[in-house]
Amino acid sequence: MNPQFAHNTWPQIKAALDSGKPVVAILPCGATEAHGKHLPLNTDNIISEGMASYALPALEERGVTALILPTLAYAPAEYAGGFAGTISISEAAAKAVLIDIGRSLHSQGFACLAIANSHFDPANVKMLREAADELRALGLKVAYADFTRRKLAQTLTDEFKSGACHAGQFETSLVMASRPELVDEAERTLSADNPASLTEAFAAGAKTFEEAGGPQAYFGYPRQATPDEGVDTYEKLAAALVQAIAETLS
Ligand SMILES: [Zn+2]
């Protein structure tokens, strides 16, 4: 069957559910949000979809059928709200959609909902944690590799750990690895280093990227990005997702 959930017909999905093997639905969670002058608005969607795709071989090896759901491309994104193209929805709206998706999967017999998220806006992370807890209370297994937790964050790059990380080296490398045609190379090479830490700014009460020291909607070092780093990071993101799924199913 096609690993893209929605590219299958309903009898194909039914056959997978009837097979006796656990079927995991991976939901890429992104945003439609400004990412510097060099990356597209769908950067987080691309990254979460890549994380899910890179996880497939290891899941297959473990005897798990994994299907990638259509991406959740809208999320709370108020920090980027001052930039053209950002579409921010409320935490309540985002959570309601996620819970309804989970209910639907649960009623059909999916073994697990796996959340592949790369949109680290604090409101989005809070919403995902709450939604995961509420779905678990309804009886659905939920695997969520939360890269804002120290244990997983420390497996990622130095820029990611520094918090100077939005459309910087980390995210730019990932987009260069999977969708290079969507990176504006001229703007990337003009994007001067911006070491301002978003996580420190969040903690200090900044409410917008501008207040946090990102007047062009990026933080970090876009000029240092490479496709090789992107591939390396995809492998780490995917490994954490596979681990979360394996733990959830065990
Ligand atoms: Zn992003």
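Biologist: Is Phe160 buried or exposed?
Modeller: Phe160 counts as buried, because its relative accessibility is 11%. Buried means under 20% relative accessible area, exposed over 50%, and partly exposed in between, using a 1.4 Å probe and protein chains only. This is a predicted model, where local features need pLDDT of at least 70 and side-chain atom pairs count only at pLDDT 80 or more, while totals for chains, interfaces and linings use all residues. Residues are numbered from 1 along each chain as its sequence is written, and side-chain values use heavy atoms, with hydrogens and water left out.

Biologist: Thanks! How many aromatic pairs are there?
Modeller: Searching the whole structure gives 8 aromatic pairs. One of them joins Phe160 and Phe170, 4.8 Å centre to centre with 40° between the planes, which is tilted. Rings of Phe, Tyr and Trp (its six-membered ring) pair if their centres lie within 6.5 Å; planes under 30 degrees apart count as stacked, over 60 as edge-to-face and the rest as tilted.

Biologist: Which parts does that pair tie together?
Modeller: Phe160 is in helix α6 (residues 158-162) and Phe170 in helix α7 (residues 169-178), so the pair ties together parts 10 residues apart in sequence. Helices (H or I, at least four residues) and strands (E, at least two) are DSSP runs, numbered from the N terminus. Phe170 is buried too, with 2% relative accessibility.

Biologist: Are His35 and Glu171 buried or exposed?
Modeller: Both His35 and Glu171 are buried.

Biologist: And the sheet, what order do its strands have?
Modeller: The open sheet of 4 strands runs β2-β1-β3-β4, with parallel pairing. Two strands pair if DSSP finds at least two bridges between them. β2 (65-68) and β4 (142-144) are at the edges with a single partner strand each, so one side of each has no neighbour in the sheet.

Biologist: How many bridges link β1 and β2?
Modeller: β1 and β2 pair in the parallel sense over 4 bridges, and Ile26 stands opposite Ile68 in β2.
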